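Work through these exercises with the structure open. Each task is followed by a stepwise solution.

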Amino acid sequence: MAQKDGGTEQGRVKTDDNLGTKAMSGGPTAGGGVVVEVREKKGPLRAAIPTMPFPLAVICLFLNTFIPGLGTFISAFTVLCGARSELISERGVCCVFWLNVAAALIQILTAVIMVGWIMSIFWGMDMVILASCRDQGIPQDV
């Protein structure tokens with residue numbers, strides 16, 4: 001078992017009938033080592049970040065840097081235009097849209113005390129990372 005940052009990341013040995021959100025698959029390799037796979041467990045707001053085309057993600061990061069929450073608000077509408085998110089299959093497009101709008105409002109309202117501004121920049125960076133993974137063909141859950 002592995003645990004990091006006060007329980008935010010947990011690991012389990014992957015078996016056929018026990019697949020957790022974050023799993024470590026262990027199996028001996030030719031060199032005698034063990035192959036380990038780690039998946040990050042995301043909260044609903046962070047899992048709702050849409051995977052957009054790279055140029056749009058960069059624009060949202062730029063907007064979030066100078067006007068906290070604006071890029072996140074625009075990214076909410078990309079969900080309605082077909083952008084994918086990890087949460088769409090579980091909760092639906094409408095719920096993911098409103099979660100992104102809620103994240104934008106949180107960023108705007110808490111920007112006065114700098115928390116929202118910092119959150120907004122990190123949100124924009126996550127958008128760019130997801131977009132670059134999309135363009136390179138890397139799965140979102142990496």
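**Exercise 1.** Is Phe73 buried, partly exposed or exposed?

Solution. The model is predicted. Take the relative accessibility of Phe73: 35%. Buried means under 20% and exposed means over 50%. Phe73 therefore counts as partly exposed.

**Exercise 2.** Classify the pair formed by the rings of Phe73 and Phe77.

Solution. Start with the centres: they are 5.2 Å apart. Next, the planes: they meet at 80°. Planes over 60 degrees apart count as edge-to-face, so the Phe73 and Phe77 pair is edge-to-face. Now place the pair. Both residues sit in helix H3 (residues 70-80), 4 residues apart, which means a separation of about one helical turn.

**Exercise 3.** Which parts of the chain does the pair of Phe77 and Phe97 tie together?

Solution. Check the geometry: 5.2 Å centre to centre and 70° between the planes, again edge-to-face. Then locate the residues. Phe77 lies in helix H3 and Phe97 in helix H5 (residues 93-109), so the pair links parts 20 residues apart in sequence. Compare accessibility: Phe77 is partly exposed at 38%, whereas Phe97 is buried at 8%. Finally, Phe73, Phe77, Phe97 and Trp98 form one aromatic cluster.

Note on methods: Residues numbered from 1 in each chain as written. Predicted model: local features only at pLDDT ≥ 70, side-chain atom pairs only at ≥ 80, totals over all residues. Heavy atoms only, no water. Phe/Tyr/Trp six-rings, centres within 6.5 Å; stacked < 30°, edge-to-face > 60°. Helix = DSSP H or I, 4+ residues; strand = E, 2+ residues; numbered from the N terminus. Buried < 20%, exposed > 50% of the residue type's maximum accessible area, 1.4 Å probe, protein only.
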